[in-house]
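Please look through the structure shown here, and then follow the questions and answers below. They take up a few of its features one after another.

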Amino acid sequence: MGFLEKLIKRKKMTQYVFLKGKVEGEEKMGLIAQAKSLIMPSRYENFSIVALEAIALGKPLLCFDISGLKWIPEDTAVKATPFSTTILAKNIEKISIDKKFRELLRRKTLELSASYSWSIILQRYQEYMYYVMEENK
């Protein structure tokens, strides 16, 4: 049994915390859909697909305020000072307890995800292509 498993057992969290290991596809999306929020304790990200998937499912994000996650608006995520596990833990506690706060973040994530629909992305791409073609005349 590893350190994390021992900690979960010692803190009597076995009915709340499940270590799944690597998951993909429908299983991953199902787990995110069931969650109240998504915790991303990453210390480095380029552009997180997992963050996009969580936002698409209306799940608030808890993460460190690192450069690779700057694109995520403050009203859809609770960002901790980089690498401050104490602040991240307090944020996890807050979002776990405060249902109104969690619901507000959920609504904001769904609003954000609506701005990335295929039709909107296509429209933006077309506008950009017209702009590029005009600039090169």
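**Loops, core and helix packing**

The place of Phe83 in this predicted model is the loop between β3 and α4.

Q: Is Phe83 buried, partly exposed or exposed?
A: Buried means under 20% relative accessible area and exposed means over 50%, with partly exposed in between. Because the relative accessibility of Phe83 is 40%, this residue counts as partly exposed.

Q: What separates the C-alpha atoms of Arg43 and Ile66?
A: Arg43 lies in the loop between β1 and α3, and, leaving aside its neighbours within four places in sequence, Arg43 is in contact with Ile66, Phe83 and Thr85. Arg43 and Ile66 are 23 residues apart along the chain, and their C-alpha atoms are separated by 7.2 Å.

Q: Which element supplies the largest share of the largest nonpolar core?
A: The largest nonpolar core has 20 residues, and those with the most contacts inside it are Leu38, Met40, Leu61, Leu69 and Ile72. At least two residues of this core are supplied by each of β1 (38–40), α3, β2 (61–64), β3 (77–80), α4 (85–97) and α5 (99–114). The largest share, four residues, comes from β2.

Q: With which residues is Leu69 in contact, leaving aside its neighbours within four places in sequence?
A: Leu69 is among the residues with the most contacts inside the largest nonpolar core. Leaving aside neighbours within four places in sequence, the residues in contact with Leu69 are Met40, Glu45, Ser48, Cys63, Phe64 and Lys79.

Q: Is α2 roughly parallel, roughly perpendicular, roughly antiparallel or oblique to α3?
A: Helix α2 (residues 25–34) and helix α3 (residues 49–56) pack at an angle of about 55°, with their axes 9 Å apart. Since angles under 35 degrees count as roughly parallel, 65 to 115 as roughly perpendicular and over 145 as roughly antiparallel, α2 is therefore oblique to α3.

Q: How many nonpolar residues has the contact of α2 with α3?
A: The crossing of α2 and α3 is right-handed. Lys28, Met29 and Ile32 of α2 make the contact with Val50, Glu53 and Ala54 of α3. By class, this contact has two charged residues, no polar ones, and a nonpolar count of four.

Conventions
Residues numbered from 1 in each chain as written. Predicted model: local features only at pLDDT ≥ 70, side-chain atom pairs only at ≥ 80, totals over all residues. Heavy atoms only, no water. Axes fitted to C-alpha atoms, helices over the stretch in contact; angles between N-to-C directions. Left-handed = near helix turned anticlockwise from the far one by under 90°. Contact = heavy atoms within 4.5 Å. Nonpolar A, V, L, I, M, F, W, Y, C, P; charged D, E, K, R; others polar. Core = buried A, V, L, I, M, F, W, Y, C linked by side-chain atoms within 4.5 Å. Buried < 20%, exposed > 50% of the residue type's maximum accessible area, 1.4 Å probe, protein only.
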